[in-house]
Amino acid sequence: MTTLAAPPRRRPGALSLLGLFGSTDHKHIGLVTGLTAFSFFLIGGLLALLMRTELASSGLQVLGDDTYNQVFTMHGSTMFYLFAAPLAVAVGVYLVPLQIGAAEIVWPRLALFGYWLFLSGGLIMYAGFLTADGAAKAAWTAFDPLSDSVATPETGMDFWIIGVVLATLATMIWAACVLATIVRRRAPGMTMLRIPVFTWGMTVTCLLVLTAFPALLVAMTLLYIDRHLGGVFTEPGGPIVYQHLFWFYGHPVVYVVFFPFLAAALEAIAVCSRKRFFGYHAMALSLLLFTALSMSVWAHHMFVTGAVSNRYFSLVSTALLVPAGIEYFDSLATMWRGRIVVRTSFLFALGFLMLFLIGGLTGIFIGSPPLDYHVHDTYFIVAHFHYTLIGGTVFGMFAGIYHWFPKATGRVLDEGLGKINWLLLVIGTLLTFIPQFFLGHQGMPRRISDYPAYEGWGGLNTLSTIGAFFIFAGVLVFLVNVARSLRLGRVAGDDPWDGHTLEWATTSPPPRHNFEALPPVRSYAPVLDLREERVQERERAGAAARGFPPSEDR
Amino acid sequence: MVDTRQQYEDLLSIYLPIAGGVFLLILGLLLFLVLRYRSSDDRPTEGRSRAPVAEGVYGGVLTVVAAGLVYLTFSVMSEQEAGGRADTVSTGEVSSRAAPTIDIDVTAARWNWRFDYPRYGITQVGTGTDTPTLVVPVGNVRFAVTSIDVVHSFFIPQQRYKRDAFPERFNRFTLGFDRPTFIRGGGKCAEYCGLRHAYMDFDVRVLDRAAFERWARSKRAAAAGRPPA
């Protein structure tokens, strides 16, 4: 830099926007990916508001049938391919090296390449709106033959396939980087049974991504060939083969977008309970069981096809309640005899436990084929998976954001606004989706742009739409909170929450290579170990000063 | 008679209280824990962080619960399968009714339904403006569902039952209708099938056996009186 140039306005060490988007620092890649994914979350949310507005009452008021179909297709596609799955792995790109005491992620350039694939995929998918016939309109599942060149000849569908492939490839690349980092870059002393809870969540997430996502790439490639050359799914049974390929990805992906956020909520609970996470080994074991089972249950999405073994898929789907129950046990037992401080991150973790529970329990219902025969493809399913995706993914994400925002930015999010944000989201999620259980039970199919007035579904739909605007308001409050706290928020320091894991043993934000020095790692909560030692020493010193012998029990 | 509605309600009456109970229990525990252990003391606590025996026992209890639910589900599935089979060979209860089960072939298309009654040689089909009507007699009806284009799903909420309609494939199942009724829009397409998916409904008319036979005869006479369309 020459002395003649005007002095830079930014702080030393801060990056230009271009620098941020071209940096191979895992923290920058993670942040930029997270921001991009969150932007897609906002866009997907606006699409949902459009849908809810249209469905508030019978008749077409806002959108036409064709537009509605594009909107719900892009809502689902955005939320899975461009928001939840990329975000789930991106939080690992940011946090895992910090949690395991690594200076860098493995293959940083590849991870950066992944970001550009992801961004291109998202833009190409959305470019469908610029074509004459609009964006994709075959739902996020794009079942064949609906997605073939006869039923959906439009270019938007091709853009969608390319977008899905690019975004999915990116997610797989990050998963490979994160998993390799966990395997190869752990701090001295950190065995696999000492990695933090969140890193366990990321381990199983990456395993799932790497084993399940290739099936989607295969399905998309075959679909693209089928659309342009023909002859792939045209044999009898072809549509069922497509569904198998799709759901072999499509079920594990809901766990991909669950584990990291579950683990984030668990970390927030342990830190806010000021207590070591309870049942670490049971948690790790149940996450692995979860992973194995979630790879084995895909065709419970196909109970009504009459083409799969409903008994087998019912059995393994119901078995999922075992690992899920253990996670709940561990989280409740962590609070037991803790010293709980109710921060916003803790509230979101509680919201996670409460709302995900609704999704989980109704999931047991639809794991039973005779119950699923009725509610399959109705609003009951819509309500069920929104409790897993909002209760799980979104509440877990906010728990994580409120928990780690100070680490990433150096400033703490405002607690007052945070609690308003939380309350609006809780009210919104209950009000939007509880009525949908009843609508589904009454037989309202999903993916319909309109419903006849004589069905009497208007009232519940209106309630649901009002709820959606509460969620919207909650997200707005969050955006205000971020904008405000970035400038005016309390300065965080290294460790504003009395954290347990290594990321709290460095500055906020951490330097380029993360750590100046590492504390010794003797458990899955090394920073908590240090704090306990200090407290004990102080107490021993105090007791010695008063003439008591040092206490031996621990 | 195959009563899918009753089977659904029976199963739900077990699943729902269990789910409700678990939900309230965990909600109660959460509230209790937060209120009981809320504290401004910021030293870390050294409470227990593992209890392998309790966790093992708890895991065992969960497994038993899961096994119980699977057993109930499998029982109902066996009942449904047995109902369908008893029906095909026309034994016992069904033959005593002296009215054999009828067959209806259902063909789904974007965005319409066709119902063929092979034994009677008649067909019910909707037009661009008229919703088709599925006319069935009281008692068991065997359906064979297929599609001529994309995947659809034949869904009658009143029966608590649906099955997908695939091209070049028949899904066969038996539904029992218990009393005469008419349900406007009582049948729906549940699998998203494109532009007019939302409007792909059909009406359901259940007639008692004699009325159904009369309807079928007059329908056939009307069809014979006119040249085929």
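Student: Between which helices of chain A does the loop with A:Arg447 lie?

Tutor: A:Arg447 sits in the loop between helix 16 (415-441) and helix 17 of chain A. Helices here are DSSP runs of H or I with at least four residues, and strands are runs of E with at least two, both numbered from the N terminus. By the way, this is a predicted model: local features need pLDDT of at least 70 and side-chain atom pairs count only at pLDDT 80 or more, while totals for chains, interfaces and linings use all residues. Residues are numbered from 1 along each chain as its sequence is written, and chains are lettered from A and ligands numbered from 1 in the order in which they are written.

Student: Why is A:Arg447 called buried?

Tutor: Count its neighbours! A:Arg447 has 21 within 10 Å, so it is buried.

Student: And what makes its phi worth a look?

Tutor: Phi of A:Arg447 is positive, about 60 degrees, although the residue is not a glycine. Most residues other than glycine have a negative phi.

Student: Which loop holds A:Arg274, and how do you know that it is buried?

Tutor: Look in the loop between helix 9 (259-272) and helix 10 (280-294) of chain A. A:Arg274 has 23 other C-beta atoms within 10 Å, so it counts as buried. Its phi is near 50 degrees, a positive value in a residue other than glycine.

Student: What makes helix 11 of chain A largely enclosed?

Tutor: Seven of the ten residues of helix 11 (residues 310-319) are buried, so the rest of the structure largely encloses it. Among the buried ones are A:Phe313, A:Leu315 and A:Ala319.

Student: Why are helix 2 and helix 17 of chain A called roughly antiparallel?

Tutor: Helix 2 (residues 26-55) and helix 17 of chain A pack at about 155 degrees, with axes 8 Å apart. Axes are lines fitted to C-alpha atoms, for helices over the stretch in contact, and angles run from 0 to 180 degrees between N-to-C directions. Under 35 degrees counts as roughly parallel, over 145 as roughly antiparallel, 65 to 115 as roughly perpendicular, and the rest as oblique. That is why helix 2 and helix 17 of chain A are roughly antiparallel.

Student: Which residues make that contact?

Tutor: Helix 2 of chain A brings residues including A:Gly45, A:Ala48 and A:Leu49, and helix 17 of chain A brings residues including A:Asn461, A:Ser464 and A:Phe472. Two residues are in contact if their C-beta atoms, placed from the backbone, lie within 7 Å.

Student: What makes helix 3 and helix 5 of chain A parallel or antiparallel?

Tutor: Helix 3 (residues 65-99) and helix 5 (residues 155-184) of chain A pack at about 20 degrees, with their axes 9 Å apart. That angle makes helix 3 of chain A roughly parallel to helix 5 of chain A.

Student: Which domains does chain A get, and how far apart are their C-alpha centres?

Tutor: The assignment gives domain 1 (28-202) and domain 2 (502-554); such bounds come from an automatic or database domain assignment. Their C-alpha centres lie 40 Å apart. In the contact, 17 residues of domain 1 of chain A meet twelve residues of domain 2 of chain A. Helix 3 of chain A gives the largest share of the domain 1 side, four residues.

Student: How many residues does each chain bring to the contact between chain A and chain B?

Tutor: Chain B brings 67 residues and chain A brings 75. Helix 1 of chain B gives the most to the chain B side, with 15 residues. That side has 35 nonpolar, 14 polar and 18 charged residues.

Student: Which peptide bonds are cis, one from chain A and one from chain B?

Tutor: In chain A, a cis bond joins A:Ser508 and A:Pro509, with omega about -10 degrees. In chain B, the bond from B:Arg110 to B:Trp111 is cis, with omega near -5 degrees. B:Trp111 lies in the loop between strand 1 (102-109) and strand 2 (112-117) of chain B.

Technical notes:
Nonpolar A, V, L, I, M, F, W, Y, C, P; charged D, E, K, R; others polar. Buried ≥ 20, exposed ≤ 12 C-beta atoms within 10 Å, placed from the backbone.
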